[in-house]
Amino acid sequence: MGGGMMMGPPIMMRMIFALMDADGDGTLSLQEFQAAHERIFKAMDGNKDGRLTPEEMQAFMQGTRRSVSPQ
């Protein structure tokens, strides 16, 4: 297999980490981690009822929900 396949996940992980590292200090605090996941949850919650259904999660993963917006 080509080396490109090996480089994909680490690059993606670094990109996600950088997006979650709100203060840019190179580490994730519990608050930064929770805030990032709250944004994802809110983006998935299509009807904004504070609960996720499998259908809402599937719609988000298929790109039929709006994207996650920054804080």
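Which helix is the place of Met 12? Select Met 12 to find out: the residue sits in helix H1, residues 3-20. Helices here are DSSP runs of H or I with at least four residues, strands are runs of E with at least two, and both are numbered from the N terminus.

**Before you start**

This is a predicted model, in which local features need pLDDT of at least 70, side-chain atom pairs count only at pLDDT 80 or more, and totals for chains, interfaces and linings use all residues. Residues are numbered from 1 along each chain as its sequence is written, and side-chain values use heavy atoms, with hydrogens and water left out.

**The whole protein**

Show the cartoon. Followed along the sequence, the pattern is α-α-α.

Now colour by pLDDT, the predictor's confidence in each residue, from 0 to 100. The average for the protein is 86, and 79% of the residues score at least 70. H1 has the lowest confidence, with a mean of 79. H2 has the highest, at 96.

Switch to the surface. Of the 71 residues, 15% are buried. Buried means under 20% relative accessible area, exposed means over 50%, and partly exposed lies in between (1.4 Å probe, protein chains only).

One more overall figure concerns contacts, meaning heavy atoms within 4.5 Å. Among contacts with a separation of 6 or more, 21% join residues 24 or more positions apart.

**Stop 1**

Met 12 itself is partly exposed, at 45% relative accessibility.

**Stop 2**

Select Asp 23. This residue is in the loop between H1 and H2. Asp 23 counts as exposed, at 52% relative accessibility. The backbone nitrogen of Asp 25 is 3.2 Å from a polar atom of the Asp 23 side chain.

**Stop 1: into H2**

Select Phe 33, which lies in helix H2. Phe 33 is partly exposed, at 41% relative accessibility. What does Phe 33 touch, not counting residues up to four places away in sequence? Show Met 20 and Leu 28: those are its partners. Asp 21 is 12 residues from Phe 33 along the chain, with 8.1 Å between their C-alpha atoms.

Step to Gln 34. It is in helix H2, residues 30-44, and is partly exposed at 46%. Gln 34 and Met 20 are 14 residues apart in sequence, yet 9.3 Å apart from C-alpha to C-alpha.

**Stop 2: a salt bridge**

Select Lys 42 and Glu 38. They form a salt bridge, with the closest N and O atoms 2.9 Å apart. The rule asks for a side-chain nitrogen of Lys or Arg within 4 Å of a carboxyl oxygen of Asp or Glu. By this rule the count is one. Side chains of opposite charge can pair when their charged atoms come close. Both residues lie in helix H2, four residues apart, about one turn of the helix. Lys 42 is partly exposed, at 46%, and so is Glu 38, at 42%.

**Stop 5**

Select Lys 48, in the loop between H2 and H3. Its phi is positive, about 55°, although Lys 48 is not a glycine. Lys 48 is partly exposed, at 46% relative accessibility.

Move on to Leu 52, also found in the loop between H2 and H3. Leu 52 is partly exposed, at 27%. Show Phe 41, Met 44, Asp 45 and Met 57. Leu 52 contacts these residues, leaving aside neighbours within four places in sequence. The C-alpha atoms of Leu 52 and Phe 41 are 7.8 Å apart, although 11 residues separate them along the chain.

**Last stop: H3**

Select Glu 56. Is Glu 56 buried or exposed? Glu 56 is buried, with a relative accessible area of 9%. The residue belongs to helix H3, residues 54-61. Finish with Thr 53, whose backbone nitrogen lies 2.9 Å from a polar atom of the Glu 56 side chain.

Technical notes
A polar contact is a pair of N or O atoms within 3.5 Å; within protein, one must be able to donate a hydrogen and the other to accept it, and residues adjacent in sequence count only if both atoms are side-chain atoms.
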